[in-house]
Amino acid sequence: MTTVITFGTFDVFHAGHLNILTRARALGDRLMVGISSDALNEQKKGRKPVYSEQDRMQIIAGLKCVDGVFLEESLELKAQYIQQYHAGILVMGDDWQGRFDSYSALCRVVYFPRTPSISTTSIIEVVKSL
Ligand code: C2G
């Protein structure tokens with residue numbers, strides 16, 4: 001059985017998020033998703049997510065392609081999460097291309113191209129302009 005693991009904030013859930021999760025799940029038998037905590041997101045992006053970490057976890061856990069979720073408390077804990085969930089494959093979007101290659105000592109590392117023309121930031125801008 002191959003477990004796939006991926007990480008993200010998944011704020012204001014959209015089709016780009018669903019695409020990468022569906023593609024990640026198709027690489028193995030089980031998909032575990034680390035949801036960036038509100039505090040980690042503020043560190044990474046300098047703003048609070050629109051949806052709370054509880055809501056983001058609930059939304060991702062409810063998807064057909066997702067087998068389990070956990071809170072990602074720090075970018076530096078990936079090795080621990082990979083081992084804890086016995087992940088054989090780490091999937092990331094290609095906005096992180098090369099950044100996680102060091103984990104290839106622990107598991108296969110795969111980067112998928114981002115879905116073009118959609119992002120949480122652009123959705124927030126559209127909503128603001130209404
Ligand atoms: N994504 C995508 N296409 C888009 C937007 C996002 O494929 N148009 C992917 C990203 O590449 C990422 C995932 O969806 O793999 C989640 O995106 P974000 O919520 O922006 O998460 P990110 O800030 O990249 O968090 O430990 C790493 C981080 O927690 C990753």
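Visitor: How far does a polar side-chain atom of Lys 44 lie from an oxygen atom of the ligand?
Guide: This is a predicted model, in which local features need pLDDT of at least 70 and side-chain atom pairs count only at pLDDT 80 or more, while totals for chains, interfaces and linings use all residues. Residues are numbered from 1 along each chain as its sequence is written, and side-chain values use heavy atoms, with hydrogens and water left out. A polar contact is a pair of N or O atoms within 3.5 Å; within protein, one must be able to donate a hydrogen and the other to accept it, and residues adjacent in sequence count only if both atoms are side-chain atoms. For Lys 44, the separation from the ligand oxygen is 2.9 Å.

Visitor: What is the corresponding distance for Glu 72?
Guide: Ser 36 also places a polar side-chain atom 2.9 Å from a ligand oxygen. For Glu 72, the value is 2.7 Å.

Visitor: Which element gives the largest share of the shell around the ligand?
Guide: Helices (H or I, at least four residues) and strands (E, at least two) are DSSP runs, numbered from the N terminus. Two or more shell residues come from each of strand 1 (3-8), helix 1 (15-26), helix 2 (38-45) and strand 4 (87-93). The largest share, 3 residues, belongs to helix 1.

Visitor: Which residue has its backbone nitrogen 2.6 Å from a polar side-chain atom of Asp 11?
Guide: Asp 11 occupies the loop between strand 1 and helix 1. Its relative accessible area is 4%, so Asp 11 is buried (under 20%; exposed is over 50%, partly exposed in between, with a 1.4 Å probe and protein chains only). The backbone nitrogen in question is that of Val 50.

Visitor: Is Glu 73 buried, partly exposed or exposed?
Guide: Glu 73 lies in the loop between strand 3 (68-72) and helix 4 (78-84). Because its relative accessibility is 47%, Glu 73 counts as partly exposed.
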